[in-house]
Amino acid sequence: MSIRVIGAGLAGCEAAWQIAEAGIETELYEMKPVKFSPAHHNSNFAELICSNSLKAERVESAAGLLKEEMRRLGSLLMQCADSCRVPAGGALAVDRDAFSEAVTQKIGNHPRIHIHHEEIEEIPGDGITVIATGPLTADTLAAQISALCGGSLSFFDAAAPIVTAESLDMDKIFAASRYDKGGDDAYLNCPMNKEEYERFYAALISAERAPVHDFDVADPKVYEGCMPVEVMGQRGQDTLRFGPLKPVGLRDPKTGHRPWAVVQLRREDKAGTLYNLVGFQTNLKFGEQKRVFGLIPGLENAEFVRYGVMHRNTFLNSPQVLHSDYSLKMNPNLFFAGQITGVEGYMESASSGMMAGINAVRRENNQNTLTLPGTTMIGALSRYIAAGSETNFQPMGANFGVIPPIEPHIRDKKERYAAFSARALHELNEMMLANQLSQY
């Protein structure tokens, strides 16, 4: 008795772990390092591409609630993330190399997980399989999935650049978190006055972009959550100042005033030797990135260890083809997990892998599959992918808008979100007890 998992990204690793921990032999297939996607470079599993942030940590936030639900369900990814954290204010951010290495070691050392480094080009026709090949599924398998599911959608995803700490001009940069939350070592801040911002903005929106190769660019869809900074900037001169460059909650200690705009840098590693430019996903040419981002105060001589890149994302029209347990409507022995399902975000992807793995086990054991209550964040996301718009389906990350409201309505947002979280965790615990999920 065994279950296949195809893909060792965040969702695939979580699915494999859940299956193996349930006592079932797990055949995990990963094409790296035999073959890499256009955006992957690390041979380890669970590689983080866009950012090293796993979003807000407070359990009263949507992202924090999701992570707490995963912890209670025995998430491998959360265990590794908690052990590899770096300072990030109110967010959970990780040393991305240490995180991937930790996941790889856990998976590789599990006695019931058998790793196969090879590319899968055909959808298996027998047994139970979890497909977690991600938004960059290799072309041959992607074509098979597309044919099986009646077509798929594409959009573009962009990653932010990373610079070395020693190359920063700290005379122009100050350390602080917004509203002094999380300590001063969480973020570095590059303040801009009005003149500096306008000079940077003019250079940004006129800079030359890199050509996108190897995939169709006839009608690209850019997902809002990872929109290139140059695309966002074209929406208006002040769009960035009210977005990733917003100065609220920050005061420059040199002037005592709030800057006109602020570029934040977040730690990439525990040692604090590398920083990424928060919100600066981009598809500018590498030379243009160095020129334009060099106009940011403190980054004039920045050394870029990784420039921003853009790559293709592919996801299913899940409301047409998937159940809320992540199984395929036309084949209940075939599960999908990760961003290919239309959940958006690192932990959102991992949570779908967790549920696909749990349900693959239940299918193997001739038990009814599970969908968590819609009041939980994991349950709400799985219901969204099964019941969203079939004509305009778009990826969805954790947010309280997908969770049913509490009656009577709580007007104070902070109190309302706290109530959402308390209800979710209570109902999750009740369901775990009723369905013996504690074994996972």
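Lys32 sits in the loop that runs between strand 2 (25–30) and strand 3 (53–56) of this predicted model. Two partners are found for its side chain. The side chain of Lys32 reaches the backbone oxygen of Asn42 at 2.6 Å, and a polar contact of 2.9 Å joins it to the side chain of Glu47.

Lys32 and Pro33 are joined by a cis peptide bond, with omega at about 0°, and Pro33 lies in the loop between strand 2 and strand 3. A cis bond also occurs elsewhere in the chain: the peptide bond from Glu407 to Pro408 is cis, with omega near -5°. Pro408 has its place in the loop between helix 11 (377–387) and helix 12 (413–435).

Lys55 is found in strand 3, and its phi is near 75°, a positive value in a residue other than glycine. With a relative accessibility of 35%, Lys55 counts as partly exposed, because this value falls between the cut-offs of 20% and 50%. Tyr326 likewise has a positive phi, about 75°, although it is not a glycine. The place of Tyr326 is in the loop between helix 9 (318–321) and strand 16 (327–328). Its relative accessible area is 1%, so Tyr326 is buried.

Another loop, between helix 7 (229–233) and strand 12 (261–267), contains Gly243. Gly243 has a relative accessible area of 19% and is therefore buried, as the limit for burial is under 20%. From Gly243 to Ala261 there are 18 residues in sequence, and their C-alpha atoms are 9.9 Å apart in space.

These local details belong to a chain whose secondary structure comes to 12 helices and 17 strands. For 440 residues, a compact globule would have a radius of gyration near 22 Å; the chain has 22 Å, so the two agree. Along the principal axes, the C-alpha atoms fill a box of roughly 65 × 50 × 45 Å.

Contacts and surface complete the picture. When contacts between residues at least 6 apart in sequence are considered, 70% join residues at least 24 apart. The chain exposes about 18000 Å², of which carbon and sulfur atoms supply 49%. The chain has 42 positive and 53 negative charges, and the mean positions of these two sets are 6 Å apart.

Notes. Residues numbered from 1 in each chain as written. Predicted model: local features only at pLDDT ≥ 70, side-chain atom pairs only at ≥ 80, totals over all residues. Heavy atoms only, no water. Helix = DSSP H or I, 4+ residues; strand = E, 2+ residues; numbered from the N terminus. Rg over C-alpha atoms; globule rule 2.2 N^0.38 Å. Contact = heavy atoms within 4.5 Å. Areas by Shrake-Rupley, 256 points an atom, 1.4 Å probe, with all protein chains shown as cover. Lys, Arg positive; Asp, Glu negative; His and termini not counted. Charge placed at Lys NZ, Arg CZ, Asp CG, Glu CD. Polar contact = N/O pair within 3.5 Å; in protein donor to acceptor, adjacent residues only side chain to side chain. Buried < 20%, exposed > 50% of the residue type's maximum accessible area, 1.4 Å probe, protein only.
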